[in-house]
Amino acid sequence: MKLLDYLPPMLWEIKEYRVVAAALEPELDAAQKAMEAARGDFFMASLSEEGVARWEAVFGIAKDEKNLQERRERLVARYLGRLPYTLRTLQEYLQSVGTGSGLRVDYAGYTARLDTTPAANARRLELADAVRQMCPANLWMVLGMEAPTALKAGAVVGHVYSQVKAERGN
């Protein structure tokens, strides 16, 4: 940013104005860069490193060594976990985090079953934590994780063994 360009041409030759402008330009450039970075911090998807650290402090999340995108996703998941925890809120949350999840509800049995795809298995602990918090009080939540391999136990294919065992009641 050239401060002399904002002054009338007759003042450009005065030494004091040139010195003051030269001293202030780096500070104004830094302030302009900070304002541009703050503009990106208005949205969770475009948070900078400082913005992520600020939101982690707000939510009381300990900073870990994950990359910036994973930290943003964790913040979005926490931000979207709002009260009241109804079935509709849970469905909106699952759609917004894009886990590729399928939620099936058995109203007669007061159970909800959430099956996730192998792509979502990388974030299964965070997803299980969020679903455990957001599950409506009148439902029992069953969380199933699909595995990319087929099992030979029974007619169920593509689910982890603990899930098959839970379904059979063993």
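Aromatic rings of Phe, Tyr and Trp count as a pair if their centres lie within 6.5 Å, the six-membered ring standing for Trp. All views below show a predicted model.

**View 1. The aromatic cluster of W55, F59 and Y79**. These three residues form one cluster. The structure holds two aromatic pairs. In one of them, the ring centres of W55 and Y79 are 5.9 Å apart. Their planes meet at 80 degrees, so the pair is edge-to-face; the cut-off for that class is over 60 degrees. The pair links distant parts of the chain. W55 sits in helix α2 (residues 49-59) and Y79 in helix α3 (residues 68-80), 24 residues apart.

**View 2. Exposure of W55 and Y79**. W55 has a relative accessible area of 26%, so W55 is partly exposed. Y79 is also partly exposed, at 47%.

**View 3. A112 in strand β2**. The strand spans residues 111-116. A112 counts as buried because its relative accessibility is 1%. Beyond its neighbours within four places in sequence, A112 is in contact with L103, R104 and V105, and with L139, W140, M141 and V142. P136 lies 24 residues from A112 in sequence; their C-alpha atoms are 9.6 Å apart.

**View 4. The chain around these sites.** Six helices and three strands make up its elements. From the N terminus, their order is α-α-α-α-β-β-α-β-α. Of the 170 residues, 27% are buried. Among contacts with a separation of 6 or more, 40% join residues 24 or more positions apart. The chain exposes about 11,700 Å², with 59% supplied by carbon and sulfur atoms.

Notes. Residues numbered from 1 in each chain as written. Predicted model: local features only at pLDDT ≥ 70, side-chain atom pairs only at ≥ 80, totals over all residues. Heavy atoms only, no water. Helix = DSSP H or I, 4+ residues; strand = E, 2+ residues; numbered from the N terminus. Buried < 20%, exposed > 50% of the residue type's maximum accessible area, 1.4 Å probe, protein only. Contact = heavy atoms within 4.5 Å. Areas by Shrake-Rupley, 256 points an atom, 1.4 Å probe, with all protein chains shown as cover. Phe/Tyr/Trp six-rings, centres within 6.5 Å; stacked < 30°, edge-to-face > 60°.
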